[in-house]
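Me: I have a structure open and I'd like to learn how to read it. Could we go through some features together, starting with a ring on a side chain?

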Amino acid sequence: MEKLPKLSGYLQTGWNYNSVGDGSSSFQAKRLRLIMDGNVVKNVSFRLQIEAFNGIAGSTNGNGQKNLQVMDAFVTAKISKAFQVRVGQYYLPLGYENYDLSPSTLETVDFSNICYRMVCRNAIGYDFVDYGRDLGIMAFGDLFTDEARGFSRLSYNLSLSNGHLPMKDDNNKSKDIVAALTFRPTKFFNIKASYNWGEYKGLNENGDTKDYLPMNRFIVGAWYNDPKGLDLRAEYGHIGSSKDGRDIIKEDGFYALAGWHAGKFLPVVRYDFYRDKVNDSSLNNYDRILLGLTYNPCNHVKIQANYCHSFYTDKAKEISNNGKRGSDQIQLMGVFYF
């Protein structure tokens with residue numbers, strides 16, 4: 001190795017209130033990330049990222065306590081700017097939020113449902129968050145670089161991975177294909193389209209276990225982000241699976257976010273909706289409005305305050321929160337970097 005690896009990370013912690021059901025109020029340690037970056041040899045780097053304190057369903061032990069998780073464990077060979085290869089467990093290039101953003105750089109406390117339910121979840125194989133990670137190999141690069149202005153006109157990603165849970169071998173022989181293209185007409189504006197094809201082990205429309213059920217995901221979006229001004233982003237996503245003309249999975253989501261970088265402050269507003277058209281009474285079927293403010297007193301601290309109000313669809317309302325039309329959430333969180 002050329003030098004010792006770099007150690008970094010961050011802690012996201014604070015307080016959360018939610019009016020769903022009987023309501024809840026709790027201090028939270030949402031996540032602790034520990035990151036190690038280094039070089040194996042010249043032009044070959046590695047990353048190891050560990051997360052604790054997530055508390056996400058499916059990632060706790062038998063007592064409901066929060067487990068350590070391996071997020072990233074990959075090696076990247078940089079042949080050139082136009083062609084790089086990554087192997088190991090990495091974040092999939094589906095959408096902006098899973099690939100171009102992270103909890104440390106997100107304008108809000110939590111991601112949209114497009115990220116949580118379309119990217120970080122396999123709707124056929126398991127109904128809990130898998131962190132948007134997978135084991136495989138990915139080629140990616142930047143093309144048509146404008147050296148004078150410091151950006152590339154086109155970026156691409158092509159990933160081949162298990163399509164199963166992180167840190168586990170595949171449970172069938174089929175592999176996931178994820179492809180993404182990002183086009184940048186200007187330095188601060190880009191358009192991105194990503195698509196995932198895969199076959200998964202799970203239950204079909206009759207409740208029978210099958211090894212190769214097809215499911216496709218695609219996300220398209222646009223993002224304008226001036227670090228000294230306007231931040232404007234929108235994405236639409238779809239996830240679907242069908243057999244003999246009958247839908248097994250059919251879900252759609254959209255969000256639009258607007259913010260303004262005003263020195264150390266970033267006020268934001270976000271609207272998003274999600275529709276599960278197979279399970280139309282699901283509590284995930286709602287429209288949501290978020291008002292937020294991020295304050296960066298220094299490079300090592302980010303303070304965020306978010307208020308969310310959700311409006312359930314008519315069928316979801318029947319089983320939600322004692323028949324109430326909507327719910328409220330307040331989050332006060334700090335992110336501390338080291």
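Predicted model: local features only at pLDDT ≥ 70, side-chain atom pairs only at ≥ 80, totals over all residues.

Me: What kind of pair do Phe254 and Phe273 form?

Reply: That one is tilted, with centres 6.1 Å apart and 35° between the planes. Phe254 belongs to strand E12 and Phe273 to strand E13 (residues 265–276), 19 residues apart. Phe254 is partly exposed because its relative accessible area is 25%, and Phe273 is partly exposed because its value is 23%.

Me: How many aromatic pairs are there in the whole structure?

Reply: A search finds twelve. Rings can also gather in a cluster, as Phe74, Tyr91 and Tyr99 do. And a ring can have a charge over it: the charged end of Arg233 sits over the ring of Trp223, 4.7 Å from its centre.

Me: Let's turn to strands. How do I read a pairing, say of E4 with E5?

Reply: Look at the direction of the two strands and at the bridges between them. Strand E4 (residues 69–80) and strand E5 (residues 83–91) run antiparallel and are joined by seven bridges. They form a hairpin, with two residues between them. Take Phe74 from the ring cluster: its bridge partner in E5 is Gly88.

Me: Which residue stands opposite Gly88 in E6?

Reply: That's Gly136. E5 also runs antiparallel to strand E6 (residues 133–146), with eight bridges joining the two. A handy general point is that in a regular strand the side chains alternate between the two faces of the sheet.

Me: How is E11 connected to E10 and E12?

Reply: By antiparallel pairing in each case. Ten bridges join E10 to strand E11 (residues 230–243), and 14 bridges join E11 to E12. The hairpin of E10 and E11 has four residues between the strands, while the one of E11 and E12 has two, with Asp244 in the turn showing a positive phi of about 55°.

Me: Which residues have the most contacts inside the largest nonpolar core?

Reply: They are Ile114, Met118, Ala123, Ile124, Met215, Ile239 and Ile249, in a core of 17 residues. Helix H2 (113–119), strand E10 (209–225) and strand E12 (246–260) each give two or more residues to this core. The largest share, four residues, comes from E12. Another core, of ten residues, lies apart from it, and Leu106, Val129, Tyr131 and Trp223 are among its members.

Me: What about polar side chains? Is Gln331 buried or exposed?

Reply: Buried, because its relative accessibility is 2%, and the cut-off for buried is under 20%. Gln331 is found in strand E16 (residues 326–337). Its side chain makes a polar contact of 2.8 Å with the side chain of Asp110. Leaving aside neighbours within four places in sequence, Gln331 is in contact with residues including Trp15, Asn16 and Gln304.

Me: And is Ser25 buried or exposed?

Reply: Ser25 counts as exposed because its relative accessibility is 52%, and it is found in strand E2 (residues 24–41). Not counting residues up to four places away in sequence, Ser25 touches Trp15, Asn16 and Tyr17. A polar contact of 2.9 Å joins the side chains of Ser25 and Trp15.

Me: How many residues separate Ser25 and Ile330 in sequence?

Reply: They are 305 residues apart in sequence, and 9.4 Å apart in space, C-alpha to C-alpha.

Terms used
Residues numbered from 1 in each chain as written. Heavy atoms only, no water. Core = buried A, V, L, I, M, F, W, Y, C linked by side-chain atoms within 4.5 Å. Buried < 20%, exposed > 50% of the residue type's maximum accessible area, 1.4 Å probe, protein only. Pairing = 2+ DSSP bridges. Polar contact = N/O pair within 3.5 Å; in protein donor to acceptor, adjacent residues only side chain to side chain. Contact = heavy atoms within 4.5 Å. Phe/Tyr/Trp six-rings, centres within 6.5 Å; stacked < 30°, edge-to-face > 60°. Lys NZ or Arg CZ within 6 Å of the ring centre and 35° of its normal.
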